[in-house]
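Open the model in your viewer and keep the sequence panel beside it.

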Amino acid sequence: PNTPLPQNKTKPQNTMKAFVLAIFAALAVCASAAPGGHYYRPRTAAPKKNIVEIAVGDERFSTLVAAVKAAGLVDTLAGAGPFTVFAPTNDAFAKVPADALNGLLADKEALTAVLLRHVVPAKIPSYKVPYGTTNVATAGGEEIAVTRGKKGISIKSSAGGANVIIADVKASNGVIHAVDTVF
């Protein structure tokens, strides 16, 4: 014969209360995971080294460091800034004929003009460079055209052009973008 199923003796009100309490408990756990209940990523510490200190510590910029010293720009580029430096690598300087490079290193005024063409007196991380071409004033008073395209960021000046090959090296006083050519 048929035996009756056991009856749940818990009152429906108690079951509902337990369910509601469980939902609130779960929400409380989720909300306490982060401020405001949102996922967040802790900020990285601010860079401690300035532009000159970073360049001195990176062998890829040894020719640039020598040029900055010869031009007397160490204190300027180690200053408060902010600066964006389109920093030619040693390979970029190797493209310049030896006689021309030696002549430039011997002419402080011309060397300063070339180096300041690579410096913008503002911090411009790569993500702030819009698609298309933007004209930007340099610390030397010239205007350069910074272009973001499908292949990355490039720079054109009155003396030539370059491509950014390493972007967003953060410094305490700005940002460095390594470039493949002296412009």
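Two strands count as paired here if DSSP finds at least two bridges between them. With that in hand, select β6 and β7: a hairpin joins β6 to β7 through two residues. The model is a predicted one.

**The whole chain**

Colour by secondary structure. The protein has seven helices and seven strands. Along the sequence they follow the pattern α-α-α-α-β-α-α-α-β-β-β-β-β-β. Buried residues make up 33% of the 183 residues. Of the contacts with a separation of 6 or more, 59% are between residues 24 or more positions apart.

**The sheet**

Select the strands. Seven of them form an open sheet, in the order β2-β1-β7-β6-β5-β4-β3, with mixed pairing. β2 and β3 are the edge strands, each pairing on one side only. In general, strands of a sheet pair through backbone hydrogen bonds, either parallel or antiparallel.

Next, select strand β7, residues 174-179. How many of the six residues of β7 are buried? Six of the six are, so β7 is largely enclosed by the rest of the structure. Show the side chains: Gly-174, Ile-176 and Ala-178 point one way, while Val-175, His-177 and Val-179 point the other way.

Strand β1 (residues 83-88) runs parallel to β7, and six bridges join the two. Thr-84 stands opposite Val-175 of β7. Strand β6 (residues 160-171) runs antiparallel to β7, with five bridges between them. Here Val-169 has Ile-176 of β7 as its bridge partner.

Move along to strands β4 (residues 143-149) and β5 (residues 152-157). They run antiparallel and are joined by five bridges.

In soluble globular proteins, nonpolar side chains tend to be buried together. Select Leu-64, Val-85 and Leu-115: these have the most contacts inside the largest nonpolar core, which has 28 residues. The elements that each supply at least two residues of this core are α2, α3, β1, α5 (90-94), α6, α7 and β7. The largest share comes from α3, with five residues.

Centre the view on Leu-64. Leaving aside its neighbours within four places in sequence, Leu-64 is in contact with Ala-87, Pro-88, Asn-90, Phe-93 and Leu-115. There is also a second, separate core of 12 residues, including Phe-86, Val-136, Val-146 and Ile-153.

Helix α7 (residues 108-116) is the next selection. Its residues Leu-111, Thr-112, Val-114, Leu-115 and Leu-116 are buried. Among the elements that cover the buried residues of α7 are α3 (62-71), α6 (98-106) and β2.

**The cavity**

Rolling a probe the size of a water molecule over the atoms shows where empty space is left. The count comes to one cavity of 30 Å³ or more. About 160 Å³ of space lies in the largest cavity. To find it, select Ile-51, Ala-55, Leu-64, Val-68 and Leu-77, which are the closest to its centre of the 17 residues that line it. The elements giving two or more residues to this lining are α2 (51-56), α3, α4 (74-78) and β1. The lining of the largest cavity divides into 15 nonpolar residues, one polar and one charged. Leu-64 belongs to this stop as well as to the largest nonpolar core.

**Backbone details**

Most residues other than glycine have a negative phi, and most peptide bonds are trans. Two places to look at follow.

- Select Gly-81 and Pro-82. The peptide bond from Gly-81 to Pro-82 is cis, with omega near 10 degrees. Pro-82 lies in the loop between α4 and β1.
- Select Asp-168 in strand β6. Asp-168 has a positive phi of about 65 degrees although it is not a glycine. With a relative accessibility of 26%, Asp-168 counts as partly exposed.

**Last stop: a loop**

Where does Pro-130 lie? Pro-130 is in the loop between β2 (119-120) and β3 (132-137). Its relative accessibility is 43%, so Pro-130 counts as partly exposed. Draw a distance from the C-alpha atom of Pro-130 to that of Gly-149: the two are separated by 9.0 Å and are 19 residues apart along the chain.

Technical notes:
Residues numbered from 1 in each chain as written. Predicted model: local features only at pLDDT ≥ 70, side-chain atom pairs only at ≥ 80, totals over all residues. Heavy atoms only, no water. Helix = DSSP H or I, 4+ residues; strand = E, 2+ residues; numbered from the N terminus. Buried < 20%, exposed > 50% of the residue type's maximum accessible area, 1.4 Å probe, protein only. Contact = heavy atoms within 4.5 Å. 1 Å grid on protein atoms, 1.4 Å probe; cavity = no way out; pocket = protein on both sides within 12 Å on 5 of 7 lines; lining within 4 Å. Points joined across faces, edges and corners; volume = space filled by probe spheres on them. Nonpolar A, V, L, I, M, F, W, Y, C, P; charged D, E, K, R; others polar. Core = buried A, V, L, I, M, F, W, Y, C linked by side-chain atoms within 4.5 Å.
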